[in-house]
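Please consult the sequence and the structure alongside the text.

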Amino acid sequence: MRVLGIETTCDETAAAVVRLEPGGAGEILSNEVMSQIAEHAAYGGVVPEIAARAHVEVLDRLVARALERAGTALSDLDGIAAAAGPGLIGGVIVGLTTGKALALASRKPFVAVNHLEAHALTARLTDGVEFPFLLLLVSGGHTQLVAVRGVGDYLRLGSTVDDAVGEAFDKVAKTLGLPYPGGPEIERRAEEGDPTRFAFPRPMLGRAKPDFSLSGLKTAVRIEAQRIASPTRGDVADLCASFQAAVVDSLIDRSRAGLRLFRERVGEANAMVAAGGAAANGAIRRALARFCGEAGLKLVLPPPQLCSDNAAMIAWAGIERLSLGLSDDMTFAARARWPLDADAEAAHHGKA
Ligand code: KG4
Ligand code: ZN
């Protein structure tokens with residue numbers, strides 16, 4: 001089975017072809033990503049209108065290139081998958097409409113993919129992880145611990161009550177005058193810094209419910225940065241290192257609470273999996289490796305380029321759904337919000 005995937009929910013335009021091998025393993029035949037970072041950098045964050053327009057400008061070319069590099073014609077495909085949300089609605093519409101049009105023109109089945117589900121299932125593409133597993137999803141827009149019980153079967157154990165991890169990195173970077181996106185930049189600066197110089201708070205430490213909070217930490221960094229009238233390169237490095245160390249401690253403590261709840265509610269986990277852009281962070285990856293080693297849990301970390309937004313994960317989610325006989329029709333509408341666990345989301349907003 002060969003599926004084309006399309007991703008346009010945020011600031012990466014991406015197209016990829018993934019093949020399902022007879023034994024059940026996935027093979028990435030092409031994986032094209034075009035980042036819009038340069039277009040948004042001047043604004044210190046993603047501007048939705050600019051993103052949507054940039055997707056329109058490059059997507060057709062990117063799809064053509066993904067097919068070409070995969071040595072695959074449209075007629076060779078077994079399906080077309082496009083991310084249908086959650087994300088910036090203008091961009092989502094661009095990718096979803098393109099996917100539908102290609103599916104209609106080539107008479108192939110169409111799959112509307114949940115971007116979060118695609119992040120969640122990436123570890124099955126890279127490592128064939130079996131259900132159920134504990135997922136730590138840390139991206140620019142989402143921070144959650146989720147019990148992944150099957151395709152389309154998610155139990156949200158905890159989530160952030162304010163900022164997402166990637167968002168906190170981006171906002172702290174902005175405060176420190178560092179370029180967007182903040183995650184990779186803070187990680188680089190932190191390498192030269194002293195993680196013990198500033199005693200930043202470890203939010204939610206010790207709480208049984210595996211929720212996260214990052215906005216207090218972000219504010220603590222800002223206050224400390226303002227106290228230093230004109231920070232030197234060394235001060236910035238120490239602020240970055242101390243901030244990152246606080247995030248890492250909080251993520252590990254929250255993961256411990258998440259694993260406990262997973263074992264109570266679901267049973268034994270086959271693995272812990274990290275996904276989302278912030279899962280590319282080396283300090284987070286090393287800390288998760290230590291934590292899983294101590295907990296006797298297998299850790300699966302997809303390579304950094306498959307942690308951040310890409311279309312191989314969308315194609316793979318399409319393969320997983322098509323393999324179960326699931327597909328969508330042309331009426332499927334773009335969704336700005338689309339929680340993995342609708343019950344948890346409803347309860348959170350007092351609707352259940
Ligand atoms: O998953 P992703 O590519 O897009 C979303 O769906 O949000 O994640 C992007 C986020 C950005 O906030 C970025 O700053 C963060 O992931 N990020 C990192 C690192 N690389 C990317 N955060 C911390 N450390 C990194 N190395
Ligand atoms: Zn993402």
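In this predicted model, three helices, α4, α5 (165-175) and α6 (182-190), each contribute at least two residues to the shell around ligand 1. That shell comprises 20 residues, with G140, D170, E187, G277 and D309 the closest. By class, four of the shell residues are nonpolar, twelve are polar and four are charged.

**Polar contacts and cover of ligand 1**

- The side chain of D170 places a polar atom 2.7 Å from an oxygen atom of ligand 1.
- For D309, a side-chain N or O atom is 2.9 Å from an oxygen atom of the ligand.
- G277 takes part through its backbone, with an N or O atom 2.9 Å from an oxygen atom of ligand 1.
- Of the 550 Å² of accessible area that ligand 1 has on its own, the protein covers 89%.

**The sheet**

- An open sheet of five strands has the order β8-β7-β6-β9-β10, with mixed pairing.
- Because β8 (153-159) and β10 (299-300) each have a single partner strand, they stand at the edges, and one side of each lacks a neighbour in the sheet.
- Strands β6 (residues 133-138) and β7 (residues 143-150) run antiparallel and are joined by six bridges.
- Within this pair, L135 is positioned opposite V146 of β7.

**Helix α4 and the sheet**

- Helix α4 (residues 115-127) lies across β6, β7, β8, β9 (272-275) and β10.
- The helix runs at about 125° to β6.
- Helix α4 is also one of the helices that supply at least two residues of the ligand 1 shell.

Conventions. Residues numbered from 1 in each chain as written. Chains lettered and ligands numbered in written order. Predicted model: local features only at pLDDT ≥ 70, side-chain atom pairs only at ≥ 80, totals over all residues. Heavy atoms only, no water. Pairing = 2+ DSSP bridges. Helix = DSSP H or I, 4+ residues; strand = E, 2+ residues; numbered from the N terminus. Contact = heavy atoms within 4.5 Å. Axes fitted to C-alpha atoms, helices over the stretch in contact; angles between N-to-C directions. Near = heavy atom within 4 Å. Polar contact = N/O pair within 3.5 Å; in protein donor to acceptor, adjacent residues only side chain to side chain. Areas by Shrake-Rupley, 256 points an atom, 1.4 Å probe, with all protein chains shown as cover. Nonpolar A, V, L, I, M, F, W, Y, C, P; charged D, E, K, R; others polar.
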